[in-house]
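Let us walk through a protein model step by step.

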Amino acid sequence: MTDARNTLDHSTPSSAASAEDPESTVTQPAPASVSATEPTYVLPETLLSDDLTLLDAAQALAAAGLRVLPLTSQPTANKPGEDASKNPGGLLGRGWQNKSTTDPEVIEKWFTEPDTSTLEGVVTQTDIYRWVPFDTLGLGVHAGPDILIVDADNAQNIPERFWDELEDAPFQSSSTIDHRRGHYYFRPRQGFHFGHTSAIPGIDGMESAGEIRHGNAIAVSAPSKHRWASLGRAYRWKRVGTIPEMSEELAQWLESRKDKVAWNGTNIEVSEATLDSITYFRENCTNASHPEIVNEHIDFMRVQADAKGLHNAWLPSLISLIEMALFGYVNAAEAIDAAGDAFVALRTDDTRGGNWKNEDEAQREYIDQMKWALGKVQAKYAIHPEMLRYDTEKYVREHYVNDLPMTKLAPLQASVLGVGTDAVMSGIGVGVGDSPGSELATTSSAAPAEMEARQLLIDAALARFPTVDLDVLMSDPPEPLVWLEKGIIARGSYVGLTAAAKAGKSILTYWMAGHWAMGRSAVDPTVTFEPPTILYLDFENGTRWMHSTLTKMGFASKDISEHLKILPYPTFHPLNTREGAQELHALIAGINPDVIVIDTVSRIIDGDENDSKPWSDFYRLTIMPIRDAYPDATIIRLDHTGKDPKQGARGSSQKMSDIDTHWVLTAEAGNRNNLTLDLERSRLGEHAESVQLRRVDSPLGHVLNAGKSGTGAIAWGPIHAVSSEVEAVNIALDELGAANGISNKDATEMLRANGRKIGNERVRQALVRRKERPETVPDETPKALE
């Protein structure tokens, strides 16, 4: 890959390019418009036909060079209640990226209706993909790296200056009402970073204008049926022709913003490294204590590419390779070149499927991957260099050099990564020579090369962990609590909900989560708010239970699917380990939830439940970093009680030491529909002391229940200590068959005759409330618990 190496080895500052001629510097990859090998895509007029069929459209798009794939609205097994028409793996399954095609024979098999009246016809279809009704089929366009689709969902939020360019591009409408809403097809401009599905910024102060679809992303194509056809939505090609390269101004507006990723309990911002940073890295990381690792790691990358697809496998493995070069295990230049040679060989192999490239295109794509990989390592090093060193040593020891001792390496120069002292403190990567006055340009031979590692850590710690300014903190009263459920669950808090098995804690939590996803309180539906995004990690219940329960609750998928994200039986490593914590943090960074539910926490902790260490590790590794990175997020964890429900959760007391609010849910003996939430502890104040609920059917849910004591459904403050004991008296009298109008004397004698010694005053208080309480009809076992 001679050309790629020449580009990487060139150290001309990127600032040498003029604003008028951005291609004037040789460090920039040549834009698509000047490449003789750049493909041209011309969409034919066939797509404008009123009688367009799926087969016609697929063949026309493929003839134009776009890869296509079949879609279906038929739900998948993993999401049984959800329309799958935008799920690229809904028919082709895993690895769909390598199965999309321009092959006319494959396309004809996909989109020709089989004769399912015969066994042979059914077998023919199931040989191609899972059986679904043919009328549920749709057509998808796999964007790939050469196409960028502007999906304008809110066209009114796109700045007016871009509309001349948008209205010259091929366009597929997705609305019969808004004539500008739909998909605009472009070739991406070289030198800009675009994510797979990144949000398009709206005009200042307005919501997003839509999203871009690029790389391993799809767009649904006409004549597929739109999932919201009843709301005036439909796919229809309106404009065809040559797909143009976007202008630099449009590319700058659409370019993906910095990604935030979770690492070592911190959210870090990652952006692409410059070509000069890559060159500097190659020239300065020349040590190689274990050069044999390069070939072993490249072989591993090839195996991963076969199993997961080239893009899914290459970037994370390339990051590991760069980290090993940074810390002197392999030579950076040799490692980068070997990985590049392997990538180009795989990318130009037309027998692998997927969007294969010629050598020049593959080389440019590898350079883009290298920019992103080095950028991530820069960000990690800037935040915590010693932790990155530790993680890399551990990786090498586990995968390649089993007897490698964990040694203290010599202090590293921050400039090896092309960042100066200020950049290390702030986590912002600065490319070599990015500007004439850059930190690195003036200090690369002095600080930080001569700075001791300990001082670097001290300075970084002071920048990362500022102490609270008490003058500012105490100058005003604290902000009032913001509630998801008033008096029960405060936003931004860490909440425990503990109950015995089959008490219905999952039903209660799903009921609340469904209402929140629709933007309203569950307990008081008159209270509305912006719907939070809820990540529900369900280690207890499968998809069949979810489908049944949510249906019984009256929730429709269209109302809750946007904001309620459920992960059934997630296969994380234990959440009291670094690996499990990192997996969850990465998922949270991708979903960005406002509420996180863990149901049930004991299922995902490794170790003795009665030991304090698993629970302190769980909080330190998993929960504390979430609370630091997402201070407004609410975390709700469900747990089982021990033998005595009144004692709260089973296991070590350490598990309760870190939560803000802890509720214990109990069901009334003899009537499991009557539930009580008792507040066991709260650091926040302002919470209710107890909440009485009644579970109901048709739809399945909960209503406030005044209770037998007559004190009301929600008890606040010190009344709870009295009302709980009063409630206990009335429950005891119910169990003994006492009438509501029983006298004080008869009640006292009945209780004492049955071994219940209760003071006269407490009996009197109970009977006063007994006469005031509403009549309730005992219910049978709730259907949801049968």
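Predicted model: local features only at pLDDT ≥ 70, side-chain atom pairs only at ≥ 80, totals over all residues.

**Two helices side by side**

The crossing of α9 past α11 is right-handed.

Which residues make the contact? From α9 come Val294, Ile298, Met301, Arg302 and Ala305. From α11 come Glu334, Ala335, Ala338, Ala339, Ala342 and Leu346. Sorted by class, the contact of α9 with α11 has nine nonpolar residues, two charged ones and no polar ones.

Now step back. The protein chain has 786 residues, and 49% of them are buried. Its secondary structure comprises 25 helices and 23 strands. Take the contacts with a separation of 6 or more: 70% of these join residues 24 or more positions apart. The accessible surface is about 36300 Å², and carbon and sulfur atoms account for 50% of that.

Next, zoom in on one residue. Ser174 sits in the loop between β4 (171-173) and β5 (182-186). Is Ser174 buried or exposed? Buried means under 20% relative accessible area, and Ser174 has 2%, so Ser174 is buried. What touches Ser174, beyond its neighbours within four places in sequence? Its contacts are Arg181, Gly182, His226, Arg233, Ala234 and Tyr235. Asp151 is 23 residues from Ser174 along the chain, and their C-alpha atoms are 9.3 Å apart.

Terms used
Residues numbered from 1 in each chain as written. Heavy atoms only, no water. Helix = DSSP H or I, 4+ residues; strand = E, 2+ residues; numbered from the N terminus. Buried < 20%, exposed > 50% of the residue type's maximum accessible area, 1.4 Å probe, protein only. Contact = heavy atoms within 4.5 Å. Areas by Shrake-Rupley, 256 points an atom, 1.4 Å probe, with all protein chains shown as cover. Left-handed = near helix turned anticlockwise from the far one by under 90°. Nonpolar A, V, L, I, M, F, W, Y, C, P; charged D, E, K, R; others polar.
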